[in-house]
Amino acid sequence: RYGLPSEAQWEYACRAGTITPFYFGETITTDLANYPGTDWEGYSGSYGSGPKGVSRKQTTDVGSFPPNAFGLYDMHGNVWEWCADPWHDSYKGAPSDGRIWEKGEEYGLLRGGSWSDGYPSYCRCASRFVGFSNDQREAVGFRLVVFSAAWT
């Protein structure tokens, strides 16, 4: 069985065992991920002590940046990724076992940041954004996961 990850599964996969804001450390650079790295469309291109960088203004090929410890690419930046959970303002009442939170708002949930939207902080492991089902921007995509028998 395969499908979209739950929000908890997405964050676990993104963090890959780390506790820092990004799987590669405390800050982000455009050498590590595809996001607006310059003052572009009103956004600041740096995060924390990180430098400003380039704004590619388009998606990049998967594998253009280093993978995390789980071997996953582009968990930060490139395109926002849909999660299976509906949007919630907080984690109050969320499943504690990583499963999909079945009930919630009519909106969806996006994780990961993108090449076109926002600040570098939107690319943090913990960053989350409300998604609309009719969102057809080129900066929104998805990542399929294969579920083990324990999750079916």
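1. The sheet. Four strands make up an open sheet, ordered β4-β3-β2-β5, with mixed pairing. Here two strands count as paired if DSSP finds at least two bridges between them, and the elements themselves are DSSP runs numbered from the N terminus: helices are H or I of at least four residues, strands are E of at least two. At the edges sit β4 (128–131) and β5 (140–141), each of which pairs on one side only. As a reminder, strands of a sheet pair through backbone hydrogen bonds, either parallel or antiparallel.

2. Before you read on. This is a predicted model, in which local features need pLDDT of at least 70 and side-chain atom pairs count only at pLDDT 80 or more, while totals for chains, interfaces and linings use all residues. Residues are numbered from 1 along each chain as its sequence is written, and side-chain values use heavy atoms, with hydrogens and water left out.

3. The β3–β4 pairing. Strand β3 (residues 108–111) pairs with β4 in the antiparallel sense, over four bridges. Within this pairing, R111 stands opposite R128 in β4. Keep both arginines in mind, please; they come back below.

4. Helix α1 against the sheet. Helix α1 (residues 7–15) lies across β2 (80–83), β3 and β4, and runs at about 0° to β3. For that angle, axes are lines fitted to C-alpha atoms, for helices over the stretch in contact, and angles run from 0 to 180 degrees between N-to-C directions. Contact means heavy atoms within 4.5 Å. After the helix comes A16, whose phi is positive, near 50°.

5. How enclosed is α1? Seven of its nine residues are buried, so α1 is largely enclosed by the rest of the structure. Buried stands for under 20% relative accessible area, exposed for over 50%, and partly exposed for what is in between (1.4 Å probe, protein chains only). The buried residues of α1 are E7, Q9, W10, E11, A13, C14 and R15. Their cover includes β2, β3 and β4.

6. The R111–E7 salt bridge. The structure holds six salt bridges, each being a side-chain nitrogen of Lys or Arg within 4 Å of a carboxyl oxygen of Asp or Glu. In one of them R111 meets E7, with the closest N and O atoms 2.9 Å apart. R111 belongs to strand β3 and E7 to helix α1, so this pair ties together parts that are 104 residues apart in sequence. Both R111 and E7 are buried.

7. Two further salt bridges. R143 pairs with E81, where the closest N and O atoms are 2.8 Å apart. Because R143 lies in the loop between β5 and β6 (145–146) and E81 in strand β2, the pair ties together parts that are 62 residues apart in sequence. E81 is buried, at 4% relative accessible area. R99 and D97 also meet through their side chains in a salt bridge (3.1 Å, N to O); R99 is partly exposed at 38%, and D97 is partly exposed at 43%. Salt bridges with shared partners join E7, E11, R15, R111 and R128 into one network.

8. R128 over two rings. Which rings does R128 lie over? R128 sits over the face of W87, at 4.4 Å from the ring centre, and over the face of Y91, at 4.9 Å. The rule asks for NZ of Lys or CZ of Arg within 6 Å of the ring centre and within 35 degrees of the ring normal.

9. Aromatic pairs. Rings of Phe, Tyr and Trp (its six-membered ring) pair if their centres lie within 6.5 Å; planes under 30 degrees apart count as stacked, over 60 as edge-to-face and the rest as tilted. By this rule there are nine aromatic pairs. Y23 and F24 form an edge-to-face pair, 5.0 Å centre to centre with 70° between the planes. Y23 is buried at 11% relative accessibility, and F24 is partly exposed at 26%. Y122 and F129 form a tilted pair, 6.2 Å centre to centre with 40° between the planes; Y122 is partly exposed at 24%, as is F129 at 32%. F22, Y23, F24 and Y47 form one aromatic cluster.

10. A tryptophan in a loop. W115 lies in the loop between β3 and β4. Is W115 buried or exposed? At 8% relative accessibility, W115 counts as buried. The C-alpha atoms of W115 and G37 are separated by 8.9 Å, with the two residues 78 apart along the chain.
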